[in-house]
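Please look over the model shown here before reading on. The report then takes its main features in turn.

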Amino acid sequence: MRKLFKSCYALDQKCYEQYGLNEDILMEHAARGMAEYIKGRFEEGASVLIVSGPGNNGADGIVLARQLFGAYEVHLYMPFGVKSPMARLQLERVQKLGISLCDEPKEADVIVDALFGAGLNRRLDEATQQLLHRLNALNGFKLACDVPTGVGSDGRLMPFAFDADVTITMGALKESLYLDESKDMVGEIVCTDLGVSRERYEDQSDTFVLDASDLQLPIRTAASTHKGTFGHAAVFCGEKEGAGIIAGMAASRFGAGLTTLIVHEKVSQPPFLMHTTVVPSSATALAIGMGLGAHFDQEFLDKYVIKSHLPIVLDADAFYSKELLGILEQNEREVVITPHPKEFSVLWSQINGEEISVDEIQCNRFEMVRKFNARYPHVTLLLKGANMLIMQEERLYINPLGTSVLSKGGSGDVLSGLIAALLAQGYTGLEAAIQGSLTLTLAAQNYKGASYAILPTDLIDAIQYLEMSQK
Ligand SMILES: NC(=O)C1=CN([C@@H]2O[C@H](COP(=O)(O)OP(=O)(O)OC[C@H]3O[C@@H](n4cnc5c(N)ncnc54)[C@H](OP(=O)(O)O)[C@@H]3O)[C@@H](O)[C@H]2O)[C@@H](O)CC1
Ligand SMILES: Nc1ncnc2c1ncn2[C@@H]1O[C@H](COP(=O)(O)OP(=O)(O)O)[C@@H](O)[C@H]1O
């Protein structure tokens, strides 16, 4: 897993004050990171259009032009002139080298966006939007310097943004690159160092990006075991019984020794799942909310869910029930909640009486998750989305490994089942949420069918092969 930062301003300051570096050195390395990437992908002689803005993001682009000039066919386009002292200095240097500016953007093998980076501080005007439109329409490979123009430092997408194939980000990873809204624009994210190693550049952080290598499957190592060794997941099956059945199948596939569906009446579950009308005394974890509706009366929920001490996953319809949300106050219990943004909006209104739209949540995903955590630090919140956010006790993890393959009814039910399986096997809420989410996304990546075709059962099937694909 890698550290993530809101902004790199303080980290740059540390380079100046503690390591005696200066802007010039940092910039030279920023550009070198981009140059190395281009050299690794494109033969000498390839054409590179660099579109530079007036600030230090533009200055990075000008330095790149200098570093590539001679070996590559460099076109430097600077539609807004220079404003920052570093941009002015870098422009003087390239002019001495004989690089002249071009009058308009033109097709090239590589298109570099160095218009605005971390300093974007207001809406892009019409002319800049038009320019981005033109750049996005070019066929060349698109590289964004630090942050694609149009992705604000708070992660909000302007009406228009550069559509990068790769973003070479400077020094450390930034939160703005990992908002759902940015996911289509940033492309691959590559972090380059700025003259000191990543370890020396970065400070403490309580925010992390998860990698595939963080996956730890519930692999069985002991030999003298029986099914009770691996816990008993009890999954509530409500009005839409399919949701509970999918979650139960995922729980069984992910290693719960036993899985029981809690039902009112017989459901058409697969033969390896049991069903009962009460929670079995051997249960070690509960999952409730998927397709629940108003299936169980309050007395039943009170007895078997709210007054239970068992670790629990709350999902979907659970967020519409003030009584079930009372579980959030149970400080001694392992509680994982897995809302998607609409459910988070409902949850927020239930716990705070404050209405917040899905759009507002999506623009402020990190902030909203942190606000929730400030109130319920012991609860593990997993906010679903293109990049899932997971937070407990002031530590925030982001899983960027999901794909649109997962945008299909039932994927979230699989996730609840995976988390319930791990809770049943004794994982903490945080570990269960992290590992369940990694498993869901990696199973989706391993799916070999067409991107539109997956079924929740395909995801569940893919889980059995993760162990082999990890080796
Ligand atoms: N230690 C360092 O400094 C390092 C910095 N590095 C690089 O510097 C980048 C940050 O540079 P930066 O701070 O100069 O900001 P940048 O993104 O160029 O934008 C500011 C300029 O844009 C303008 N402007 C803003 N919004 C606008 C809008 N909507 N529409 C129009 N104009 C707008 C703004 O104008 P003003 O507000 O002053 O009127 C100002 O002129 C960073 O992303 C990285 O690439 C690396 O080299 C590593 C070391
Ligand atoms: N485009 C996407 N990229 C990454 N993950 C996605 C994408 N679309 C959906 N997901 C993931 O799939 C799951 C869908 O959950 P949810 O909407 O609750 O489904 P359901 O309730 O129908 O089972 C979530 O974990 C979400 O993060």
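The sections below cover the domains, a sheet, the ligand shell and a pair of helices.

## Model and domains

This is a predicted model. The chain is divided into two parts: domain 1 spans 2–205, and domain 2 spans 213–470. Their C-alpha centres lie 40 Å apart.

The two domains touch. Eight residues of domain 1 are in contact with nine residues of domain 2. What is the make-up of the side of domain 1 that touches domain 2, by class? It has five charged residues, three nonpolar and no polar ones.

## The six-stranded sheet

Six strands form an open sheet. Their order is β3-β2-β4-β5-β6-β8, and the pairing is parallel. Which strands stand at the edges? They are β3 (73–77) and β8 (188–192). Each has a single partner strand, so one side of each is left without a neighbour in the sheet. On average, neighbouring strands of this sheet are turned by 20 degrees against each other, direction ignored.

Take the pairing of β2 with β3. Strand β2 covers residues 47–52, and five bridges join β2 to β3. The two run parallel. One residue pair can be picked out in the structure: Val51 has Tyr77 of β3 as its bridge partner.

## Around ligand 1

There are 30 residues around ligand 1. Which of them come nearest? They are Gly55, Asn56, Asn57, Gly117 and Gly119. Two elements give two or more residues to the shell around ligand 1: helix α2 (23–41) and helix α3 (56–68).

## Helices α15 and α16

Two packed helices are described by the distance between their axes and the angle between those axes. Helix α15 covers residues 429–446, and helix α16 covers residues 456–463. Their axes come within 9 Å and cross at roughly 100 degrees. Is α15 roughly parallel or roughly perpendicular to α16? Angles of 65 to 115 degrees count as roughly perpendicular, so α15 is roughly perpendicular to α16.

Which residues make the contact? From α15 come Thr439, Leu440, Ala443, Ala444 and Asn446. From α16 come Leu459, Ala462 and Ile463. By class, the residues of this contact divide into six nonpolar and two polar, with no charged ones.

Definitions and conventions: Residues are numbered from 1 along each chain as its sequence is written. Chains are lettered from A and ligands numbered from 1 in the order in which they are written. This is a predicted model: local features need pLDDT of at least 70, side-chain atom pairs count only at pLDDT 80 or more; totals for chains, interfaces and linings use all residues. Two strands pair if DSSP finds at least two bridges between them. Helices (H or I, at least four residues) and strands (E, at least two) are DSSP runs, numbered from the N terminus. Axes are lines fitted to C-alpha atoms, for helices over the stretch in contact, and angles run from 0 to 180 degrees between N-to-C directions. Domain bounds come from an automatic or database domain assignment. Two residues are in contact if their C-beta atoms, placed from the backbone, lie within 7 Å. Ala, Val, Leu, Ile, Met, Phe, Trp, Tyr, Cys and Pro count as nonpolar, Asp, Glu, Lys and Arg as charged, and the others, Gly among them, as polar. A residue is near a molecule or strand if its C-beta atom, placed from the backbone, lies within 6 Å of it. Angles under 35 degrees count as roughly parallel, over 145 as roughly antiparallel, 65 to 115 as roughly perpendicular and the rest as oblique.
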